[in-house]
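These are my notebook entries on a structure that I looked through. I set down each term with its cut-offs where I first use it.

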Amino acid sequence: MSSSPCTNDDTAKIMKDISVFCAVGKGFFDAETMAVTCKCHNCILRNPDGRVMSPAQFEAHHGLGRWKKWKTSIQTTEFEFTRVVLLPQRRNALIMAKQRLQEAEVVLQSSTEDAEQKGSILHREQCVAEVQQVERELVEVQDRLTRLTRTEEEGAIIPLGTLLDAC
């Protein structure tokens, strides 16, 4: 059982700066306070740091208030989803897999009978395979993030609700 990336202390800072957009407006979503800092031209003119508002207000501010579905109308990108959700999930999974491997090695060292030792060896081998698989997945996610950064692409459009549901 891995912990949620949204509750992990290491990602708390990341969850405050999720780049989002709604229609033509851009801003930053803070998942902890559930607030959006609007960075549209009008809001920047009033305050260089932008204007803080609820997601529903941000949706209405950019002409989509009648939707009343801010989790769908406020969107983010594949880059943000990868950075905020997928990367922390894979890092947490790797930590857990390595812990299981350490536990398996302790059991293997303490086993005394041949049958018990064979079972411990098999369990250790499964844990090693799991660690290797999770390491490959982590590298894939890091490569995707690097590719999106290098090409300055944002990737696919993802509703903010999908990101929040993944947390």
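**Entry 1: salt bridges**

I began with the definition of a salt bridge: a side-chain nitrogen of Lys or Arg within 4 Å of a carboxyl oxygen of Asp or Glu. I noted that this is a predicted model, in which local features need pLDDT of at least 70, side-chain atom pairs count only at pLDDT 80 or more, and totals for chains, interfaces and linings use all residues. I also noted that residues are numbered from 1 along each chain as its sequence is written, and that side-chain values use heavy atoms, with hydrogens and water left out.

How many salt bridges does the structure hold? I found 5 salt bridges. One of them joins the side chains of arginine 83 and glutamate 80, at 2.8 Å from N to O. For the elements, I used DSSP runs numbered from the N terminus: helices are H or I runs of at least four residues, and strands are E runs of at least two. Arginine 83 and glutamate 80 are 3 residues apart in helix α5, so about one helical turn separates them. For burial, I took buried as under 20% relative accessible area, exposed as over 50% and partly exposed as in between, with a 1.4 Å probe and protein chains only. Arginine 83 and glutamate 80 are both buried.

I then looked up arginine 100, which forms a salt bridge with glutamate 130, the closest N and O atoms being 2.3 Å apart. Arginine 100 is in helix α5 and glutamate 130 in helix α6, so this pair ties together parts that are 30 residues apart in sequence. Arginine 100 is partly exposed at 30% relative accessibility, and glutamate 130 is partly exposed at 27%.

Glutamate 78 and arginine 144 also meet through their side chains in a salt bridge, at 3.8 Å from N to O. This pair links distant parts of the chain, 66 residues apart: glutamate 78 belongs to helix α5 (residues 78-110) and arginine 144 to helix α6 (residues 114-151). Here glutamate 78 is buried at 18% relative accessibility, whereas arginine 144 is partly exposed at 30%.

**Entry 2: strands and hairpins**

I counted two strands as paired if DSSP finds at least two bridges between them. Strand β1 (residues 18-22) and β2 run antiparallel and are joined by 5 bridges. Cysteine 22 stands opposite glycine 25 in β2. The hairpin of β1 and β2 has 2 residues between the strands, and in this hairpin alanine 23 takes a positive phi near 55°.

Next I followed β2 to strand β3 (residues 35-38); the two run antiparallel and are joined by 4 bridges. Aspartate 30 stands opposite alanine 35 in β3. The hairpin of β2 and β3 has 4 residues between the strands, and methionine 34 takes a positive phi near 55° there.

**Entry 3: cysteines**

A disulfide is a covalent bond between the sulfur atoms of two cysteines. My cut-off was a pair of cysteine sulfur atoms within 2.5 Å. How many disulfides does a search of the whole structure find? The search finds 0 disulfides. Cysteine 22 is in none, and the nearest cysteine sulfur, that of cysteine 38, is 9.4 Å away. For cysteine 38, the closest cysteine sulfur is that of cysteine 40, at 3.5 Å, which is too far for a bond. Cysteine 22 is buried at 0% relative accessibility, and cysteine 38 is buried at 0%.

**Entry 4: an aromatic pair**

I paired rings of Phe, Tyr and Trp (its six-membered ring) if their centres lie within 6.5 Å; planes under 30 degrees apart count as stacked, over 60 as edge-to-face and the rest as tilted. By this rule I counted 1 aromatic pair. It is formed by phenylalanine 29 and tryptophan 70 and is tilted, with 6.3 Å centre to centre and 35° between the planes. Phenylalanine 29 is in strand β2 (residues 25-30) and tryptophan 70 in helix α4 (residues 70-73), so the pair ties together parts that are 41 residues apart in sequence. Phenylalanine 29 is buried at 0% relative accessible area, and tryptophan 70 is buried at 19%.
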